There are 2 protein chains.
Amino acid sequence: MKTESIKTIFGITLALTTLLFVACIPSCNPKNQTKMETTEIFPKGQPLPKEWFSGSAFLTTLVAKDKNHEFSAGSVTFEPKARTNWHTHPKGQVLIVIEGEGFYQPKGQPAQPIKKGDVVNIPENTEHWHGASATSKMIHIAITNYVGEEQVTWLQPVTDEEYNSATGSSN
Amino acid sequence: MKTESIKTIFGITLALTTLLFVACIPSCNPKNQTKMETTEIFPKGQPLPKEWFSGSAFLTTLVAKDKNHEFSAGSVTFEPKARTNWHTHPKGQVLIVIEGEGFYQPKGQPAQPIKKGDVVNIPENTEHWHGASATSKMIHIAITNYVGEEQVTWLQPVTDEEYNSATGSSN
């Protein structure tokens, strides 16, 4: 093989390498992959009050109570380990999990693992909490019924001891 | 440059090209990308009746009317061009779009483009239709209020002419 031919083949190979590399950059980039996997449906929204939530939790309101709807609906994002206080609803609540993994625990019962795609129908006047798992965030839509102007009664925080014991987590 | 050196560089370049290609296969593969982008939250569910829907539409019920909920909620999947008939709700309906793109049109008004993340609050007794765009599927959660046992009155189909005219599509 002549040196000129080898140089030509070398040049072509180098050009192809560069082309392939450039073509693959968008899909090989881990940042882009993460973006695709975690594109969320709703904005994260406003931080929820520390008085009623432990850890980082956020709310985007989707539907307000009005003349037709005797409920409100919102997208709630819980970062890992974030959870509601213990609380009750006078006319129940529905949770529709749209992302991640977490728990729902009615008082005196084991915590139930819940994940993307699950629906929880919470009865009226049932003390409970819900939130993310220790290692995953959780996002759920919450549809919460009203009785008059009331839809929730907030109680004491879920302590770290209660959370770890119920979810099998350690600090 | 000696021929041997050129051969060595050529060999290394070829090896690097192969390595880069193999390393990029998983993320460059369009099948994998599609899978990541279209992981759906709920099962597609049961086909909706041709009597009330044009094209391919499916329902997974998430919440049934019960003693607490004066509504039902479900995940509705519309394949491209699929849509409801014209219809009304006696106490309104909320659509929460969780995937894709489509349209909502109240009778006598322009069709409104809707997409993932959008919420539509449909008034009571308002003739309308909703469905996918011509090129994208759409999935929405629908929360539909009841008056007694009634939540919808079905009317005539949205014809191809009406759909194409309202959405700017052609057959």
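Select His128(B) in this predicted model and display its side chain, which reaches the backbone oxygen of Thr126(B) at 2.8 Å. His128(B) belongs to strand E10 of chain B, covering residues 128-132. With a relative accessible area of 0%, His128(B) is buried.

Next, show the surroundings of His128(B). Beyond residues up to four places away in sequence, His128(B) touches Asn85(B), Trp86(B), His87(B), Thr88(B) and His89(B), among others. The list also includes Gln93(B), Tyr104(B), Gln105(B), Pro106(B), Lys107(B) and Ile122(B).

**Charged pairs**

Side chains of opposite charge can pair when their charged atoms come close. Over all chains, the count comes to 14 salt bridges; three of them may be visited in turn.

Remain in chain B and select Arg83(B) together with Asp160(B). The two form a salt bridge whose closest N and O atoms are 2.9 Å apart. Arg83(B) lies in strand E5 (residues 83-84) and Asp160(B) in helix H3 (residues 160-167), so this pair ties together parts of chain B that are 77 residues apart in sequence. Asp160(B), at 38%, counts as partly exposed.

Then select Lys115(B) and Asp118(B), a salt bridge in which the closest N and O atoms are 3.8 Å apart. Lys115(B) is partly exposed, with a relative accessible area of 46%, and Asp118(B) is partly exposed at 23%.

Move to chain A and select Lys115(A) with Asp118(A). This salt bridge has its closest N and O atoms 3.8 Å apart. Lys115(A) counts as partly exposed at 46% relative accessibility, as does Asp118(A) at 23%.

**The nonpolar core**

Which residues of the largest nonpolar core touch the most other members? Select Ile96(A), Ile141(A) and Ile143(A), then Ile96(B), Ile141(B) and Ile143(B); these hold that place among the 24 residues of the core. Now colour the strands that each supply at least two residues of this core: in chain A, strand E3 (57-63), strand E4 (71-78), strand E7 (93-106) and strand E11 (138-145). In chain B, strand E3 (57-63), strand E4 (71-78), strand E7 (93-106) and strand E11 (138-145) do likewise.

Finish at Ile143(B) and display its contacts, leaving aside neighbours within four places in sequence. From chain A, Phe71(A) and Ile143(A) are in contact with Ile143(B). From chain B, the contacts of Ile143(B) are Phe71(B), Ser72(B), Ala73(B), Gln93(B), Val94(B) and Ile96(B).

Definitions and conventions:
Residues numbered from 1 in each chain as written. Chains lettered and ligands numbered in written order. Predicted model: local features only at pLDDT ≥ 70, side-chain atom pairs only at ≥ 80, totals over all residues. Heavy atoms only, no water. Helix = DSSP H or I, 4+ residues; strand = E, 2+ residues; numbered from the N terminus. Buried < 20%, exposed > 50% of the residue type's maximum accessible area, 1.4 Å probe, protein only. Polar contact = N/O pair within 3.5 Å; in protein donor to acceptor, adjacent residues only side chain to side chain. Contact = heavy atoms within 4.5 Å. Salt bridge = Lys/Arg side-chain N within 4 Å of Asp/Glu carboxyl O. Core = buried A, V, L, I, M, F, W, Y, C linked by side-chain atoms within 4.5 Å.
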